[in-house]
Amino acid sequence: MATDPNAALENLEHELVTLARRLRGLQRTLSEEAHPDLEPAQYALLNHVEELAPVRMADLVAALEVDKGPVSRACARLEEQGLLKRAADKSDARATLLTLTATGKRKLAAAKKKRSKVVEDLLKDWSPAQVKSFATQVSKFNKVFN
């Protein structure tokens with residue numbers, strides 16, 4: 001690794017771009033695992049719904065930091081596929097609450113299990129201390145975005 005700060009930052013940027021590309025590929029694979037017609041963005045949406053459920057559409061849009069239109073269309077498609085359900089919010093009739101269906105939960109759990117296995121396989125030669133250190137650094141990096 002370079003000792004020049006600029007070279008080190010360039011190397012880090014290169015490695016992050018490579019990592020992002022590989023993670024997109026993994027997300028594609030996992031989305032297909034959850035449902036053969038599922039797009040990677042829809043897989044990410046399902047993960048967010050599971051994490052936040054029950055979640056209002058407006059809160060999901062805010063969490064994803066995207067426009068409402070594509071999220072609404074993706075939710076409609078996920079509902080058609082039997083992975084997501086919408087229900088009226090009893091505390092606010094104007095709002096819709098989103099949750100996963102039993103099928104959605106099952107398929108997402110299977111995809112997550114596969115994801116865990118992929119990560120485990122990738123890090124099989126790492127010591128627990130190395131994995132912990134890497135997780136700490138990635139967490140620290142992610143917090144910069146908050």
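In the predicted model, proline 54 lies in the loop that connects helix H2 (40-52) to strand S1 (55-56). The peptide bond between alanine 53 and proline 54 is cis, with omega at about -10°.

The phi angle of glutamate 65 is near 55°, which is a positive value in a residue other than glycine. Glutamate 65 has a relative accessibility of 72% and therefore counts as exposed, the cut-off for this class being over 50%.

Two aromatic pairs are present in the structure. In one of them, tryptophan 126 and phenylalanine 134 have ring centres 5.4 Å apart and ring planes at 70°, so the arrangement is edge-to-face; planes over 60 degrees apart fall into this class. Tryptophan 126 is partly exposed, because its relative accessibility is 35%. Phenylalanine 134 is also assigned as partly exposed, on the basis of a relative accessible area of 41%.

The rings of phenylalanine 141 and phenylalanine 145 make up an edge-to-face pair as well, with a centre-to-centre distance of 5.5 Å and an angle of 80° between the planes. Within this pair, phenylalanine 141 has a relative accessibility of 37% and so counts as partly exposed. Phenylalanine 145, at 62% relative accessibility, is classed as exposed.

Methods:
Residues are numbered from 1 along each chain as its sequence is written. This is a predicted model: local features need pLDDT of at least 70, side-chain atom pairs count only at pLDDT 80 or more; totals for chains, interfaces and linings use all residues. Side-chain values use heavy atoms; hydrogens and water are left out. Rings of Phe, Tyr and Trp (its six-membered ring) pair if their centres lie within 6.5 Å; planes under 30 degrees apart count as stacked, over 60 as edge-to-face and the rest as tilted. Buried means under 20% relative accessible area, exposed over 50%, partly exposed in between (1.4 Å probe, protein chains only). Helices (H or I, at least four residues) and strands (E, at least two) are DSSP runs, numbered from the N terminus.
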